[in-house]
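Here's a quick briefing to read alongside the model. Keep the structure open and follow along, topic by topic.

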Amino acid sequence: MFCKNCGTQLDPNAAVCTQCGVAVGNGMNYCPNCGANTTPGAAVCTQCGVALIAPAAQPAVPAGVQQKSKIAGGLLGILLGSLGVHNFYLGYTGKAVAQLLISLLSCGTLAIVSEIWGLIEGIMILTGSIDKDGKGVPLKD
């Protein structure tokens, strides 16, 4: 493995290049496979044929897995946040139970705490700050 910035051969466990200090994987001047000079913007190395530009990352959604709706999660958080319904929907069962118990065991006196918590999380879901469900599956729009 070679540094893509300066072409120095790297230790397989290295996080940064000891020659130039650039993080492993950064740079576009040298092939990471053979260390040959590369043309800026080239898709493959002309010496060894290794791909230099990674394909665009696609959201990892396993086959047969149903994505949860971002809009549904956000609205449940805003409207029913004090009961943790949005967290039950998204699969965050621990947080959901905590919100539900705070509201129920205090006979509603602390429900405002759970409601503010749910309101903030609902807004975060709608704005994309929370973008995965409890299993790590991306939320759909």
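The expected span of a helix is 1.5 Å times one less than its number of residues, and helices themselves are DSSP runs of H or I with at least four residues, numbered from the N terminus. With that in hand, helix 3 (residues 93-105) has 13 residues and runs 17 Å from its first C-alpha to its last, close to the 18 Å expected at 1.5 Å a residue. A word on the ground rules: this is a predicted model, where local features need pLDDT of at least 70 and side-chain atom pairs count only at pLDDT 80 or more, while totals for chains, interfaces and linings use all residues. Residues are numbered from 1 along each chain as its sequence is written, and side-chain values use heavy atoms, with hydrogens and water left out.

**Helix 3 and its neighbours**

- The buried residues of helix 3 are Ala96, Gln99 and Ser103, where buried means under 20% relative accessible area, exposed over 50%, and partly exposed in between (1.4 Å probe, protein chains only).
- Looking down the axis of helix 3, these buried residues fall within an arc of 70 degrees, so they line one face of the helix; the arc is that of the directions from the helix axis to the C-beta atoms.
- What do the buried residues of helix 3 pack against? They pack against helix 2 and helix 4.

**Helix 1**

- Helix 1 covers residues 70-80, and Lys70, Gly73, Gly74 and Gly77 are buried there.
- Down the axis of helix 1, the buried residues sit within an arc of 95 degrees, so they too line one face of their helix.
- The cover over those buried residues of helix 1 includes helix 2 and helix 4 (111-127).
- At the start of helix 1, a side-chain oxygen of Ser69 comes to within 3.3 Å of the backbone nitrogen of Ile71.

**His86 in helix 2**

- His86 belongs to helix 2 (residues 85-90).
- Is His86 buried or exposed? With 0% relative accessibility, His86 counts as buried.
- Setting aside neighbours within four places in sequence, His86 is in contact with Gly73, Leu76, Gly77, Gly81, Gln99, Gly118, Glu121 and Ile125; contact means heavy atoms within 4.5 Å.

**Salt bridges**

- How many salt bridges does a search of the whole structure find? The search finds 3, a salt bridge being a side-chain nitrogen of Lys or Arg within 4 Å of a carboxyl oxygen of Asp or Glu.
- Asp141 pairs with Lys70, the closest N and O atoms being 3.1 Å apart. Since Asp141 lies in the segment after helix 4 and Lys70 in helix 1, the pair ties together parts that are 71 residues apart in sequence.
- Asp141 is exposed at a relative accessible area of 73%, whereas Lys70 counts as buried at 18% relative accessibility.
- Lys95 and Glu121 meet in another salt bridge, 2.9 Å from N to O. This pair links distant parts of the chain, with Lys95 in helix 3 and Glu121 in helix 4, 26 residues apart.
- Lys95 is partly exposed at 29% relative accessibility, while Glu121 is buried with a relative accessible area of 7%.
- The side chains of Asp131 and Lys132 also form a salt bridge, at 3.8 Å from N to O. Asp131 counts as partly exposed at 38%, and Lys132 is partly exposed at 39%.

**Before helix 1**

- Cys17 sits in the segment before helix 1 and is buried, with a relative accessible area of 2%.
- Beyond its neighbours within four places in sequence, Cys17 is in contact with Cys3, Cys6, Thr8, Leu10 and Val22.
- Asn5 is also in the segment before helix 1, but Asn5 is partly exposed, with a relative accessible area of 27%.
- Again leaving out neighbours within four places in sequence, Asn5 is in contact with Cys20, Val22, Asn26, Gly27, Asn29 and Tyr30.

Notes
Helix = DSSP H or I, 4+ residues; strand = E, 2+ residues; numbered from the N terminus. Polar contact = N/O pair within 3.5 Å; in protein donor to acceptor, adjacent residues only side chain to side chain.
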